[in-house]
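Student: I have a model open and want to read its fold. Can we work through it by question and answer?

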Amino acid sequence: QVQFVESGGGLVQPGGALRLSCAASGFPFSVYTMSWYRQAPGKERELVAHITRDSTTNYADSVKGRFTISRDNGKNTVYLQMNSLKPEDTALYYCKVHGWGDYWGQGTQVTVSS
């Protein structure tokens with residue numbers, strides 16, 4: 001079955017950095033677009049970034065220039081490098097595959113606070 005295991009979250013001060021990882025299984029990873037989403041308390045889940053099979057990327061305006069999405073098809077893993085973090089980046093972060101059902105992992109918590 002499809003599984004996502006997100007990791008790399010934590011508590012970081014404003015201006016800091018984190019690298020999130022999402023290990024995927026249960027589908028042909030290299031063929032599909034992968035995305036990172038986030039959900040802050042009391043807010044709807046939002047798309048942060050996505051990366052296509054040929055590594056074309058797109059970002060939400062709120063993270064452009066600060067976040068970088070990448071993928072390693074040999075490891076079935078998608079990454080999110082987050083730099084210059086802000087308190088408003090605090091959220092539960094999830095990865096998702098596009099076009100292969102509606103599956104979500106447990107997410108990884110990112111908290112940006114001094």
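Student: How many helices and strands does the chain have?
Tutor: Keep in mind that this is a predicted model. Read along the sequence, the pattern is β-β-β-β-β-β-β-β-β-β. The count is zero helices and 10 strands.

Student: How compact is the chain for its 114 residues?
Tutor: The C-alpha atoms fill a box of roughly 40 × 25 × 20 Å along the principal axes. For 114 residues the globule rule gives 13 Å, and the chain comes close to that, so it is as compact as a globular protein of that length. Its radius of gyration is 13 Å.

Student: What share of the residues count as buried?
Tutor: Buried means under 20% relative accessible area. Of the 114 residues, the share that passes is 43%.

Student: Which residues have the most contacts inside the largest nonpolar core?
Tutor: In soluble globular proteins, nonpolar side chains tend to be buried together. Here the largest such core has 31 residues.

Student: Is G16 buried or exposed?
Tutor: G16 is found in the loop between β2 (10–12) and β3. Beyond residues up to four places away in sequence, G16 touches M82, N83, S84 and L85. The cut-off for buried is under 20% relative accessible area. At 18%, G16 is buried.

Student: How far apart in space are G16 and S113?
Tutor: Along the sequence, G16 and S113 are 97 residues apart. From C-alpha to C-alpha, their separation is 9.8 Å.

Student: Does Q3 count as buried, exposed or partly exposed?
Tutor: Q3 has its place in strand β1 (residues 3–7). Residues up to four places away aside, Q3 touches A23, A24 and S25. With 42% relative accessibility, Q3 is partly exposed.

Student: How far apart are the mean positions of the positive and negative charges?
Tutor: The chain carries 11 positive and 9 negative charges. Their mean positions are separated by 4 Å.

Key. Residues are numbered from 1 along each chain as its sequence is written. This is a predicted model: local features need pLDDT of at least 70, side-chain atom pairs count only at pLDDT 80 or more; totals for chains, interfaces and linings use all residues. Side-chain values use heavy atoms; hydrogens and water are left out. A nonpolar core is a set of buried Ala, Val, Leu, Ile, Met, Phe, Trp, Tyr and Cys residues joined through side-chain atoms within 4.5 Å. Buried means under 20% relative accessible area, exposed over 50%, partly exposed in between (1.4 Å probe, protein chains only). Helices (H or I, at least four residues) and strands (E, at least two) are DSSP runs, numbered from the N terminus. The radius of gyration is taken over C-alpha atoms; the globule rule is 2.2 Å times the number of residues to the power 0.38. Lys and Arg count as positive and Asp and Glu as negative; His and the chain ends are not counted. The place of a charge is taken as NZ of Lys, CZ of Arg, CG of Asp or CD of Glu. Contact means heavy atoms within 4.5 Å.
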